[in-house]
Amino acid sequence: MRVGVVGATGAVGREMLRILEERSFPVDELIPLASERSAGTRVRFQGEDHTVGVLSLDALRGADVALSSCGSTAAKSWIPQAAEAGTVCIDNSSAFRMEPDVALTIPEVNPESLEGRPRIIAVPNCTIITALMAVAPLHRAAGLQSLILSSYQSVSGAGRRGVTELAEQIEKLHGMEEDLAHPDPSALPVGEVFGKTIAYNVVAKVDAFDPETGFTFEEIKIQREARKILSLPELDVAATAVRVPVPVGHSVSIHATFLRPIGPDEARELLSAAPGVEVRDDPANGVYPSPLEAAGRDEVLVGRIRQSPGRPDALLLFSCGDNLRKGAALNAVQIAEHMFATSK
Ligand SMILES: NC(=O)c1ccc[n+]([C@@H]2O[C@H](COP(=O)([O-])OP(=O)(O)OC[C@H]3O[C@@H](n4cnc5c(N)ncnc54)[C@H](OP(=O)(O)O)[C@@H]3O)[C@@H](O)[C@H]2O)c1
């Protein structure tokens, strides 16, 4: 197959190449593309260096599938035409997610969205993937009624620049840890990506604020995408998205209510049988998920499963997933496997 990887030099794009290779996706020809900034650089795939080309419709002509992680603005400039020309376009940006004709797919959760072989498929937001991998198996059994999600999102969620900003700030503040009990605000490093100091801090803002609702656009995406993926247009869902100084791995604290009573034992049983989920729930022995344990892994880790006090129909869970893998690149490659029936 001719496979385009658009945004091949980015945080998600590099992971995409690794996953295509790991899963032996049948790539006969790789077309790695990015912007003019990194055209001519090389990426490694199947033991060989490949030269990165500049994104254009010409470069993608004849591609069977294009795996896109080049951001919304760039995605809008080529995906509709490439899809029209016959390429299956699987996009990690938010550009097309809420369009009615576009599939928004987590293969373990709503594979039926791929019926009819849509030409444009959107990968959902990485935080909602991490949450719904834990919630969907419970929803299928007990009927989801409401969701309150609080996310702890890693800096790689903001791409390569996010990781660099955290690393630079940690270096600047190293040795000043005691001073941070009484920080001099003017001496704290602040970067362009996060807008507040991210090292030794948490920032309750991911994406811009919507002046009308007070939510951030990330929180609004989480709310809307949950409804679309689960086909529950009236789902009561509210999110708070927070950036934390973690390199890779998003975590989500989940409060879910259901149409019938459901307890932690049943939830553990359902989640243990769910593909792509690993239950890590033995707190007495120190077993519960953390983002560092989820980084580099395909499975979403779920634990801290508790009954909400006084609510036999409500559960609390904590879920961690690799935002670059299941939150983006792996989910995209799984969609391609599904579409081209290549999964083993
Ligand atoms: N990071 C995550 O955890 C995550 C998870 C889910 C979804 N996503 C989404 O995936 C996309 C990429 O995220 P990322 O974290 O990988 O960002 P990133 O590290 O900043 O990488 C962006 C990639 O897109 C390329 N690009 C940017 N503008 C382009 C243009 N005009 N034409 C062609 N290529 C262009 C860049 O190429 P150059 O090297 O030439 O600049 C780079 O390869 C975004 O839409 C993001 O929202 C990210």
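Author: Start with a rule: rings of Phe, Tyr and Trp (its six-membered ring) pair if their centres lie within 6.5 Å; planes under 30 degrees apart count as stacked, over 60 as edge-to-face and the rest as tilted. This is a predicted model, so local features need pLDDT of at least 70 and side-chain atom pairs count only at pLDDT 80 or more, while totals for chains, interfaces and linings use all residues. Residues are numbered from 1 along each chain as its sequence is written, and side-chain values use heavy atoms, with hydrogens and water left out.

Reader: By this rule, what does the count of aromatic pairs come to?

Author: A pair of aromatic rings is described by the distance of the centres and the angle of the planes. Under the rule above, the count is one.

Reader: At what distance from the ring centre does R117 lie over the face of F340?

Author: A charge sits over a ring if NZ of Lys or CZ of Arg is within 6 Å of the ring centre and within 35 degrees of the ring normal. R117 lies over the face of F340, and its distance from the ring centre is 5.3 Å.

Reader: In what order do the seven strands of the open sheet run?

Author: Strands are DSSP runs (E, at least two residues), as are helices (H or I, at least four), numbered from the N terminus. Two strands pair if DSSP finds at least two bridges between them. The edge strands, β5 (53–54) and β8 (103–104), each pair on one side only. The pairing is parallel, and the order is β5-β2-β1-β6-β7-β9-β8.

Reader: Which residue of β2 stands opposite G4?

Author: Strand β1 covers residues 2–6 and strand β2 covers residues 29–34. The two pair in the parallel sense over five bridges. Opposite G4 stands I31.

Reader: Which turn residue between β14 and β15 has a positive phi?

Author: Strand β14 (residues 300–308) pairs in the parallel sense with strand β13 (residues 277–279) over three bridges. With strand β15 (residues 311–321), β14 runs antiparallel, joined by six bridges. β14 and β15 form a hairpin with two residues between them, and the turn residue with a phi of about 70° is G310.

Reader: Within what arc do the buried residues of α5 fall?

Author: Helix α5 (residues 160–173) has 14 residues and reaches 20 Å from its first C-alpha to its last, close to the 20 Å expected at 1.5 Å a residue; the expected span is 1.5 Å times one less than the number of residues. Buried means under 20% relative accessible area, exposed over 50%, partly exposed in between (1.4 Å probe, protein chains only). In α5, G162, E165, L166, Q169 and L173 are buried. Down the axis they line one face of the helix, because the arc (of directions from the helix axis to the C-beta atoms) that holds them is 95°.

Reader: How many salt bridges does the structure hold?

Author: A salt bridge is a side-chain nitrogen of Lys or Arg within 4 Å of a carboxyl oxygen of Asp or Glu. One of them joins R260 and E266, whose closest N and O atoms are 2.8 Å apart. The structure's total is 22.

Reader: What separates E218 and K221 along helix α6?

Author: Their side chains meet in a salt bridge (3.9 Å, N to O). E218 is buried at 6% relative accessibility, whereas K221 is partly exposed at 21%. The two are three residues apart in α6 (residues 217–229), so their separation is about one helical turn.

Reader: How far apart in space are S146 and E234, C-alpha to C-alpha?

Author: S146 is found in strand β10 (residues 144–153). S146 is buried, with a relative accessible area of 14%. S146 and E234 are 88 residues apart in sequence, and in space their C-alpha atoms are apart by 9.5 Å.
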